[in-house]
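Work through the following exercises with the predicted model at hand.

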Amino acid sequence: MMTVAEIQRALLARGYELGPSGADGDAGPRTIAAVTAFQRSAGLVADGIAGPKTQAALQKADISERREAPEKPGWLVLAEGEVGVREGAGAANNPRVVQLFADAGFSGIKQDSVAWCAAAVGAMLKRAGHKPSGSLAARSYESWGVGLKEPALGAIATKKRGNSSWQGHVGFVVGANASQIFLLGGNQAMRGRSRHSRARSSPPTAGQPTCPCRRRTRCQRRSPEHARA
């Protein structure tokens with residue numbers, strides 16, 4: 001079994017770009033994207049997870065295979081275009097947040113004070129031509145799509161909040177390490193970096209557009225053929 005750093009070194013040897021950190025042993029978004037691109041080039045299932053078949057392909061002596069540029073799901077590209085969007089100041093409502101509700105199928109909501117993480121995910125999916133969960137409950141995405149054992153770039157991840165049976169958070173996976181999953185989503189990462197305690201609270205603060213969640217977060221593959229009503 002290869003370590004993350006060994007996988008990264010094998011990717012670097014094949015010309016894949018991992019950013020300034022290089023083989024740092026942290027499976028962040030660039031590593032996941034590079035694994036996905038390598039899998040596509042090698043004729044493997046391009047899920048961003050370096051399983052036994054991917055590792056066997058990486059360990060081949062021949063490293064002359066053509067490198068393909070990492071690709072991101074359309075909904076993730078659209079979500080990155082929303083980084084910086086936040087609620088309006090005071091009583092004002094940001095029309096871009098209100099538009100997220102409308103695009104997700106909830107045009108009756110005109111206040112950005114309504115929790116909008118699920119609206120952001122739903123809007124990005126709709127804009128990319130896919131059917132969302134149809135709910136504004138973050139954890140409605142726990143029964144949407146196909147569950148994954150490991151995070152993959154652009155997958156949707158949900159997390160619980162405290163001991164609640166329904167409260168939580170939802171966003172798009174943009175990276176992961178041994179203990180956390182990093183999400184891009186509304187009500188947090190579209191305006192900053194949110195650190196979560198074991199109680200799963202999500203106070204937004206200024207910083208990078210990612211949200212680290214505990215590895216117990218449930219991740220799910222998102223593709224039209226797997227979508228369920």
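**Exercise 1.** Describe how helix α5 (residues 95-103) and helix α6 (residues 117-127) cross, and state which residues make the contact.

*Solution.* Two packed helices are described by the angle between their axes and the distance between the axes. In this predicted model, the axes of α5 and α6 come within 8 Å and cross at roughly 65°, and the crossing is left-handed. On the α5 side, the contact is made by Gln99, Leu100, Phe101 and Asp103, while α6 contributes Ala119, Ala120, Ala123, Met124, Lys126 and Arg127. Sorted by class, the contact comprises six nonpolar residues, one polar residue and three charged residues.

**Exercise 2.** Determine how the span of helix α2 (residues 29-42) relates to the expected value, and which elements its buried residues pack against.

*Solution.* Helix α2 has 14 residues and reaches 20 Å from its first C-alpha to its last, which is close to the 20 Å expected at 1.5 Å a residue. The buried residues of α2 are Thr31, Ile32, Ala33, Ala34, Val35, Thr36, Ala37, Phe38 and Gln39, and they pack against α1 (4-13), α3 (52-58) and β3 (168-176). Just after α2, Gly43 takes a positive phi of about 75°.

**Exercise 3.** Find the aromatic pairs in the whole structure and classify the geometry of Tyr16 with Phe38 and of Tyr141 with Trp144.

*Solution.* Because Tyr16 lies in the loop between α1 and α2 whereas Phe38 belongs to helix α2, the pair ties together parts that are 22 residues apart in sequence. Both Tyr16 and Phe38 are buried. The pair of Tyr141 and Trp144 is tilted, with 5.9 Å centre to centre and 55° between the planes. Tyr141 counts as buried at 1% relative accessibility, and Trp144 is buried with a relative accessible area of 2%.

**Exercise 4.** Is Ala118 buried or exposed, and which residues beyond its neighbours within four places in sequence is Ala118 in contact with?

*Solution.* Ala118, placed in helix α6, has a relative accessible area of 2% and is therefore buried, the cut-off being under 20%. Leaving aside neighbours within four places in sequence, Ala118 is in contact with Ser135, Leu136, Ala137, Ala138, Tyr141 and Val170. Although Ala118 and Val170 are 52 residues apart in sequence, their C-alpha atoms are 6.2 Å apart in space.

Notes:
Residues are numbered from 1 along each chain as its sequence is written. This is a predicted model: local features need pLDDT of at least 70, side-chain atom pairs count only at pLDDT 80 or more; totals for chains, interfaces and linings use all residues. Side-chain values use heavy atoms; hydrogens and water are left out. Axes are lines fitted to C-alpha atoms, for helices over the stretch in contact, and angles run from 0 to 180 degrees between N-to-C directions. Helices (H or I, at least four residues) and strands (E, at least two) are DSSP runs, numbered from the N terminus. A crossing is left-handed if the near helix is turned anticlockwise from the far one by less than a right angle, and right-handed if clockwise. Contact means heavy atoms within 4.5 Å. Ala, Val, Leu, Ile, Met, Phe, Trp, Tyr, Cys and Pro count as nonpolar, Asp, Glu, Lys and Arg as charged, and the others, Gly among them, as polar. The expected span of a helix is 1.5 Å times one less than its number of residues. Buried means under 20% relative accessible area, exposed over 50%, partly exposed in between (1.4 Å probe, protein chains only). Rings of Phe, Tyr and Trp (its six-membered ring) pair if their centres lie within 6.5 Å; planes under 30 degrees apart count as stacked, over 60 as edge-to-face and the rest as tilted.
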